[in-house]
Amino acid sequence: GDSVADGDTLVILESMKMEIPVVAESAGVLARLAVNEGDVVQEGDLIAVIE
């Protein structure tokens, strides 16, 4: 339910000791975070829903 602005960091992915920020592509309200800490994600996986 948090408000996010375009460019805000939503989550930080970790891969091979590198940290990769995932940023919001538009402003809105975070309706759902589809991943949990420790989850393995693949390219194209849903990470968050912003309305």
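Biologist: Which residue in β3 is the bridge partner of I12?

Modeller: Happy to start there, with a word on the model: it is predicted, local features need pLDDT of at least 70, side-chain atom pairs count only at pLDDT 80 or more, and totals for chains, interfaces and linings use all residues. Residues are numbered from 1 along each chain as its sequence is written, and side-chain values use heavy atoms, leaving out hydrogens and water. Strands (E, at least two residues) and helices (H or I, at least four) are DSSP runs numbered from the N terminus. In β3, I12 has as its bridge partner P21.

Biologist: Over how many bridges do β2 and β3 pair?

Modeller: Two strands pair if DSSP finds at least two bridges between them. V11 stands opposite V22 in β3. Strand β2 covers residues 9-15 and strand β3 residues 18-23, and their antiparallel pairing runs over 6 bridges.

Biologist: What phi does M16 take in the hairpin of β2 and β3?

Modeller: Most residues other than glycine have a negative phi. The hairpin has 2 residues between its strands, and M16 sits in that loop between β2 and β3. M16 is not a glycine, yet its phi is positive, near 50°.

Biologist: And what is the phi of K17?

Modeller: K17 also lies in the loop between β2 and β3. Like M16, whose phi is positive, K17 has a positive value although it is not a glycine. For K17 the phi is about 65°.

Biologist: Is K17 buried or exposed?

Modeller: Buried means under 20% relative accessible area, exposed over 50%, and partly exposed in between, with a 1.4 Å probe and protein chains only. M16 has 79% relative accessibility, so it counts as exposed. K17 has a relative accessible area of 82%, so the word for it is exposed.

Biologist: In what order do the strands of the open sheet stand?

Modeller: The open sheet has 3 strands with antiparallel pairing. β1 (3-4) and β5 (48-50) stand at the edges with a single partner strand each, so one side of each has no neighbour in the sheet. The order is β1-β4-β5.

Biologist: How far apart in space are L30 and I50, C-alpha to C-alpha?

Modeller: L30 belongs to strand β4 and is buried, with a relative accessible area of 17%. Leaving out residues up to four places away in sequence, L30 touches G1, D2, A48, V49 and I50, where contact means heavy atoms within 4.5 Å. L30 and I50 are 20 residues apart in sequence, and their C-alpha separation is 4.6 Å.

Biologist: What is the C-alpha separation of I20 and T9?

Modeller: I20 is in strand β3 and is partly exposed at 37% relative accessible area. Setting aside neighbours within four places in sequence, I20 contacts V11, I12, L13 and S15. T9 is 11 residues from I20 along the chain, and their C-alpha atoms are separated by 9.9 Å.

Biologist: Which strand gives the largest share of the lining of the largest pocket?

Modeller: A pocket, on a 1 Å grid over the protein atoms alone, is an open set of points where a 1.4 Å probe fits, with protein on both sides within 12 Å along at least five of seven lines; lining residues have an atom within 4 Å of a point. The largest pocket is lined by 14 residues, with I12, L13, E14, D39 and V41 nearest its centre. With 5 residues, the largest share of this lining comes from β2.

Biologist: What share of the 51 residues in the protein chain is buried?

Modeller: The protein chain has 0 helices and 5 strands, and its C-alpha atoms fill a box of roughly 30 × 20 × 20 Å along the principal axes. Among contacts between residues at least 6 apart in sequence, 23% join residues at least 24 apart. Buried residues make up 16%.

Biologist: How far apart are the end C-alpha atoms over residues 1-51?

Modeller: UniProt, in an unreviewed entry, lists "domain: Lipoyl-binding" for residues 1-51; such annotations may be inferred rather than shown by experiment. Over residues 1-51 the chain is 0% helix and 47% strand, and its end C-alpha atoms are separated by 10 Å.
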